[in-house]
Amino acid sequence: MILPPLFAVSILLGLWRFQAAQETSDELFDRGLLAAALAISRDVAISEGDALSPITRSFISDAGGGEIFYHVTGPGGYYVTGYAYPPRHPSGFDPTVPNYYVADYRGEEMRVLRMTEARTIANLTGDSVVTVWQRVSDRQAFARELALRAIALIAGLMATLALVVWFGVQLGLRPLNDLQEAIRIRSPDDLALIRRPVPKEVAGVVGTLNRLFGQVKDNIEAHQVFISDAAHQLRNPAAALLALAETLPDVTDESERDARQAELIAAARSTARLTNQLLQLERLRYGDTGARQVFDLNDVIEEVCQARAHAALTRDLDFSLDRSAEPLPVEADPTLIGEAVTNLVDNALRHGGDEMTRITVRTAPSDAGVTVTVQDDGVGIPTEQSEAAFRRFSQLRNGEGTGLGLSIVEQVVRRHHGSVRLAAAARGTTIRIELPRA
C-alpha cells in the first residue's frame with residue numbers, strides 16, 4: 001500500500017524533472033549564444049573585421065557543449081567574417097533587441113540568434129549584424145543528460161525510501177507476528193490473558209482480545225456451573241423415579257399400586273417442571289426474551305390468576321386479584337411475564353405454610369411504570385434474606401420446591417428492563433415487580 005504511491009510519485013517527479021531540464025538547457029544555451037555574439041561583435045569592432053581573437057575562437061568552437069556557427073555583416077550589409085551563408089531569418093523582428101528563432105541549416109535544425117548593433121568599420125558607420133547559431137540536437141543531448149542525472153538521483157532516493165519503509169514495516173509488525181505465533185501455539189483450553197508486551201499502537205487490539213478471552217472463559221465456566229447444578233438437581237428426582245418404577249411391578253395390592261402410580265406421576269411431573277425451569281433459566285441468562293409486543297398487563301395477570309385459582313381454592317385460601325382500573329400497557333413477552341407471576345403465586349402456595357389464609361395479586365400504575373404485587377400472609381421471607389431468596393437453587397427452608405422460581409422471576413424482569421424486590425410486610429411475603437410502561 002505504501003510502495004505503489006511512491007512509485008507513482010517518482011514517475012511524476014521524473015517527468016517534471018525532464019521538462020525542467022529542457023527549460024534549463026534552453027536558457028543556458030541561449031545565454032551562451034548571446035555571450036558568443038557579444039564576443040564576436042567586440043572582436044570585429046576591435047580588429048575592424050580582420051580576425052577573431054584566439055579566446056573567442058576557442059569559446060565558439062565548443063561553447064556549452066556544442067559548436068557555434070557565426071556570420072557578421074558590416075554597415076551597408078557587406079560581408080565581414082564567418083560562414084558565408086547564415087540561416088534565413090523570418091521577417092517582423094525588432095532590430096533593437098536580440099532575436100532568437102529556430103531555422104533549418106544544411107538539413108539540420110538550428111537555434112539562431114540575430115543581433116544588430118551600430119558599428120564603425122573601415123570608415124563606414126552603420127548597423128552591424130551578428131548572427132550566431134547552434135544545433136538543436138546539442139541542446140537536447142545536454143537536456144537528456146541533466147534529466148537522466150536527476151532521474152537517477154530520484155530513483156536512488158525512492159529505492160532507499162522503499163527499503164526504509166519495508167524495514168520499518170517489518171520491524172513494526174514483528175510484535176504482531178510474535179503475538180500471532182504465540183496465540184497459534186496456545187492450547188484450545190488456554191484462555192488466560194495475553195501479558196506479552198506490545199507496541200502502544202496495537203495495545204487496544206490486545207485489550208479487546210483479553211476482554212474476549214475473559215468473556216469466553218466466563219461463558220464456559222457458566223456452562224460448566226449450569227451442567228453441574230443441573231446434574232446435581234436432577235440426580236435425586238431421577239433416583240426417586242427409578243426407585244418407584246423398580247418397586248411398582250412387585251406391588252400386588254391394587255390400592256397400593258394406585259398410590260405408587262400416583263407417587264410416580266407426581267415425581268415425574270416434579271422432574272419435568274425442574275427440567276423446564278432449568279432450561280428456561282439458561283435461555284433467559286443468554287438473553288432469550290421471546291417475541292415482544294405491546295399488551296395490557298392487566299389481561300395477562302388476570303389469565304394467570306384464573307389458571308392458578310383452582311390450586312388456591314382447593315386449599316380453602318382467599319385468592320383475589322386487585323386489578324388496576326386503568327390500562328397498563330407494557331412492551332414485553334406476555335408468556336414470560338405470565339410465567340414470572342405464576343412462579344410468584346406457586347412460590348406462595350408452596351412455601352406459605354399451613355397457617356396462610358390468603359393470597360392477593362395487585363396491579364397498579366407507578367411513577368416509573370407499572371407494578372405487579374403478590375402478597376400472602378404465610379410464613380414470610382425475612383428482608384435480610386432477600387438476596388439469598390433470589391439466588392439460583394437457594395431454599396431458605398426445606399420443602400418441595402426447586403429453588404429456581406424466584407431466580408427465573410428475577411431473570412425475566414431484568415431482561416425486560418424492570419426490577420423485582422422483596423417488600424417489607426408485617427406478616428407474610430410481599431414481592432413487587434416493576435416494569436417500564438410502553
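Predicted model: local features only at pLDDT ≥ 70, side-chain atom pairs only at ≥ 80, totals over all residues.
Tutor: A residue is called buried when its relative accessible area is under 20%, exposed when that area is over 50%, and partly exposed in between.

Student: Is Glu302 buried, exposed or partly exposed?

Tutor: The relative accessible area of Glu302 is 29%.

Student: Which side chain meets that of Glu302 in a salt bridge?

Tutor: The N to O distance in this salt bridge is 2.4 Å. Glu302 lies in helix α6 (residues 297-313) and its partner in the loop between β7 (318-322) and β8 (329-332), so the pair ties together parts that are 21 residues apart in sequence.

Student: How many residues apart are Asp30 and Arg139, and where does each one lie?

Tutor: Asp30 and Arg139 form a salt bridge, with their closest N and O atoms 2.5 Å apart. Asp30 belongs to helix α1 (residues 3-47) and Arg139 to helix α3, so that the pair links distant parts of the chain. The separation is 109 residues.

Student: Are Asp30 and Arg139 buried or exposed?

Tutor: Asp30 and Arg139 belong to a network of salt bridges that also links Asp26 and Arg111. As for accessibility, Asp30 and Arg139 fall into one class. Each of the two is buried.

Student: In which helix do Glu410 and Arg414 lie?

Tutor: The side chains of Glu410 and Arg414 meet in a salt bridge of 3.4 Å, N to O. Glu410 counts as partly exposed at 24% relative accessibility, and Arg414 counts as partly exposed at 48%. The two residues are four residues apart, about one turn of the helix, and that helix is α9 (residues 405-415).

Student: What is the area of the nonpolar surface patch that includes Val169?

Tutor: Val169 has its place in helix α3 (residues 136-184) and counts as partly exposed at 34% relative accessibility. The patch is made by Met1, Ile2, Val169, Leu173 and Leu176. Its area is about 490 Å².

Student: Where in the chain is confidence lowest?

Tutor: The mean pLDDT of the chain is 81, and 86% of its residues reach 70 or more. Confidence is highest in strand β9 (residues 358-365), at 94. The lowest mean, 68, belongs to helix α8 (residues 386-389).

Technical notes:
Residues numbered from 1 in each chain as written. Heavy atoms only, no water. Patch = residues over 30% accessible without salt bridge, like charges linked within 9 Å, V, L, I, M, F, W, Y side chains within 5 Å. Areas by Shrake-Rupley, 256 points an atom, 1.4 Å probe, with all protein chains shown as cover. Salt bridge = Lys/Arg side-chain N within 4 Å of Asp/Glu carboxyl O. Buried < 20%, exposed > 50% of the residue type's maximum accessible area, 1.4 Å probe, protein only. pLDDT = per-residue confidence, 0-100.
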